Amino acid sequence: MVNSKTGKLLWNTSIILFLFVWFWSFEVGDSRTLFALPILDFFAVLITSFLASRRGASFFDSLLICTISRKLNIEAMSRLESLSEMIPILWVIWLGLWSFTENEKIRSLLVLYHFGLSFDAGNSRSIGVGMAPGWECWNLNILLLFASQRAIFNREFSFKNNFAIVILFCSLFLIALHGFGSNSYFTSAMISTLVAFSLFAMIYFPGGFEEEGTVASIAVGGIAICLSAIYSGIADAGSLAILFRKRIFAGGLHPNVLGVWSMAILLCLSTRDCFGLFSHHLKRILNAFCILILVLTLIGSGSRVIWMIAILGILLSYSGIKKSVGMKKMFVGFAFLILVGIWKFGLETFGYEIFHNERFFIWKAAFENILNSPLVGYGCLSFGFGPQRIDEIAAQFTQDWNYPHSHNLYLEILLTGGVVLFMGFFCLCREWYKSSGNSMNSGLRNAVVCLLVAGIFDFPFFCPSVVFISLLLLFSGVYNGKKISIYRVLLHNENSSTSSHAVSPEILSPLPLPKEASLKVFQRKYVLQSLSGNQMKLGFLFFLFQLAIFLQIIPAISTRWFEKSVESLQNSNLEWQETMSRAVLLSPKRVELALQKMLWELSTGVGFQIQGFEKQVHELKKTWKDYYLLDFLAGRICYLRGNFKGAEDFFTRSLECEPRDMKGIRWAFLSLCLIKQQKAFYETSSRAIRRSEWGSSILLDHPSLGKSFFQNAIEGCLSEKNWYKFSSVARQLTERGALVVDEKTESSLLKQFGEEIAGELDLFKSLQNYYHGEYLKIIEKYGKVVDSLDLRGLHLMEMAAEKTNDYETFERVSRLVDEKWIYRSKASEDVISEYLKILLFLRKGNLAEAEEILSKQLAVDPANPWLLELMGDVFSSSARPEMALDVWQYSLKNVKSARLDPFFADGPRTILGPVGDQWVILFERAFRRLDTEAGEYNQQKWQTFQQRISEKIRNVKKQ
């Protein structure tokens, strides 16, 4: 430690002050805990710090590290959907190791463990809703920055890693260019993370994964997350067949990131001895167990490209090592799991996704943005706030949109820092390639190659753990000093039992030193090889550390204020407005915080004034001028005021920046503006109607203009030259009984589109039969060919069977739907089929089965008045009248909120499924509270529904 007592006093005092700020900012009011009560957690921290101090560690250092470790474990536990009890158990083991180890390098591995534990996206989560970017890993950053500062302050390190210098230089470049612009928050947050990660890696692990224990430390922490994801996948699947077709999730972590993380660790773990501390047999068991879990996680992630890249990496790694008996057995296991993976992926429509993958359109939009600023880019995670243009025909292939990143590592680098940053990245890769050579373990080398190839197809580097793994892989094999053998030092260092500070010179300075210098380092009289040669580097390090702390601590406090405001809002405490205002004030460049505050004010009416709201929108537009959402908000305000020309201009601008409009809301309001100005509106209304129930309902169910849109849509779609445009509009019209395809129309359509659409047209006419009540015709027509139907035809058969109480046909078709449903998609649950099962179970009197499915659907949509009505029916039929009354009354209470949707769902609201435009949906629902037209939608249907529920309540009360 520091030689002078004054230095020790200053260091310990700074820790105490930091802990005071920490507890005041992040612990007060946070009831989350690992051991039932917060006091038990902190008692464990104190005991651990005391025991560690008896082994030579600083009490205050341990106190701070254990406190931050507790927070990281709580974050991980709160985001696991299952097996969360593993986290407290692992933390107890971690505390025990920290308490009794006497080696500083072992303690650095215990810090490294948190990278595995924290790879869940909860540490890089979005603030707000929708597919918005987010980067919240400040607690992990502070842990690493503190550890790095401690090493700098105590001068127990050698600074020599050219890769880290390049990374730190690129970080300063980005700060200089984008540290104060529209994307300054994300740029600053990610740069502070890179600084923290780079400093920690080059100080404690300059050899990267070549140093013993690094792979094992990260793997052990991540295995808990992987086990949770696998267990959740098994619990949700229902059957083995569905399990192999679903994708597993870990908290909020996307399966693709899960797959990339598993691939990188798997390649490192499968080709080297990572558990050297243990006995031979225990080492093999631990290694095999971790590899098995990682392979299962990789398969379960459903990331097929990553899986193929991993297979290639494993084969390359295997070919480069000695084929021992143990490795042959391992390879047999890999081969078996590879075959399982190929079979799993063969169950899905891989070919269609290759040729119609939305990534192509995303890349095209990203490339157009790059051309507008090719030299310096826009800053980190800027893609979500810029134009995302897509051709009208191409848009039909995309399932969701408005992505926060470009799904490509190389495009993302160009978007972030332009050609300048890309050249730095290229030089980094080139230097790594030249330096690593044959000195690097084949598994580590192939892991780097696999990550670079995976970067072509996705951008998993918004996950903190993947970023750090990439850094360690780059460091591996290129550090020109001695390799560090942690276990050799632990087992053979005679001085380790007396003091954790009296460690081997090999630990304190991995560089080869002269004998005299090594002795002086060992005696802690001299710190670096040559202080004069490293003074500038040391000053540079200290400056970067202070910069990173400054960039990190303010967003951290801002996030905590946001969390407090969420708690206040949930408890109907009006203090949420004050705490949210503080959060926005601390982070004025976090647009998602400002939008969240505006949404809450608009939804609740607390502190809302339309003039103030409009002013906030235009202030945000000055910074994020190409963000389509802000133009939509400005246009919606103009529409409420009756300024249809101004609204038209804003909606047009919004759709120019992002024309996909997932739910057709913006195209619908542009159409309303045009019709109210007596302008042509067919093209815009056609695009709105084609989207979904939102766009079609806003226009076709409009209380005064709906008939005009109906007539215009019928005339337009019958003269349409594109089959997709015709069929999507015609279906919406058919569901409302407004379009009939007779023989004359059918002949005209066949002549117009060609005989190849005869099958599609046949299915469309059957849909028409369904909405005209001719259900038996559908069953008779498709009964003999039901096995060859696609999902659309099967769903139509299911609906017809439900209407006719044909249980045998329904069960047969339902099994086929389960076999053909694409479970790997984001809409992994067929809620319509499940809802139809509820109706049939109620008619058959299978109340337990109906209640089970209803409980699952209400867990996703707890305020759905139609599902609540059915649950009340279940309670009433099962002699639970009081529960039925409560549920029905709650259903009536939620009608006011449900009517904010322009459609009458009469069942599960698929609008709550995965989409990329939740901001627009939620803001539109909030705006409809102020819109006088909104309350007139579907009046007759709502009156009938409310009368039915009220009648049920009266009947139960009479009994």
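A cavity is a set of grid points where a 1.4 Å probe fits but cannot get out. In this predicted model, 10 cavities of 30 Å³ or more were found. The largest cavity has a volume of about 720 Å³. Its lining comprises 31 residues. Leu194, Leu409, Ile413, Phe425 and Phe461 lie nearest the centre of this cavity. Helices H7, H8, H17, H18 and H19 each give two or more residues to the lining. H17 gives the most, with nine residues. By class, the lining of the largest cavity divides into 25 nonpolar, five polar and one charged.

The whole structure holds 47 aromatic pairs. In one of them, the ring centres of Phe613 and Phe927 lie 5.8 Å apart. Their planes meet at 80°, so the pair is edge-to-face. This pair links distant parts of the chain, with Phe613 in helix H26 and Phe927 in helix H44, 314 residues apart. Phe613 is buried, at 1% relative accessibility. Phe927 is also buried, at 1%.

Trp723 and Phe726 form a tilted pair, because their planes lie at 40° with ring centres 5.3 Å apart. Both residues belong to helix H33, where a spacing of three residues separates them by about one helical turn. Trp723 counts as buried at 17% relative accessibility. Phe726 counts as buried at 0%. Elsewhere, Phe115, Phe197, Phe200, Tyr204, Phe205 and Phe468 form one aromatic cluster.

Charged ends also sit over rings. That of Arg107 is 5.6 Å from the ring centre of Trp98. That of Lys564 is 4.8 Å from the ring centre of Trp561.

Key:
Residues numbered from 1 in each chain as written. Predicted model: local features only at pLDDT ≥ 70, side-chain atom pairs only at ≥ 80, totals over all residues. Heavy atoms only, no water. 1 Å grid on protein atoms, 1.4 Å probe; cavity = no way out; pocket = protein on both sides within 12 Å on 5 of 7 lines; lining within 4 Å. Points joined across faces, edges and corners; volume = space filled by probe spheres on them. Helix = DSSP H or I, 4+ residues; strand = E, 2+ residues; numbered from the N terminus. Nonpolar A, V, L, I, M, F, W, Y, C, P; charged D, E, K, R; others polar. Phe/Tyr/Trp six-rings, centres within 6.5 Å; stacked < 30°, edge-to-face > 60°. Buried < 20%, exposed > 50% of the residue type's maximum accessible area, 1.4 Å probe, protein only. Lys NZ or Arg CZ within 6 Å of the ring centre and 35° of its normal.
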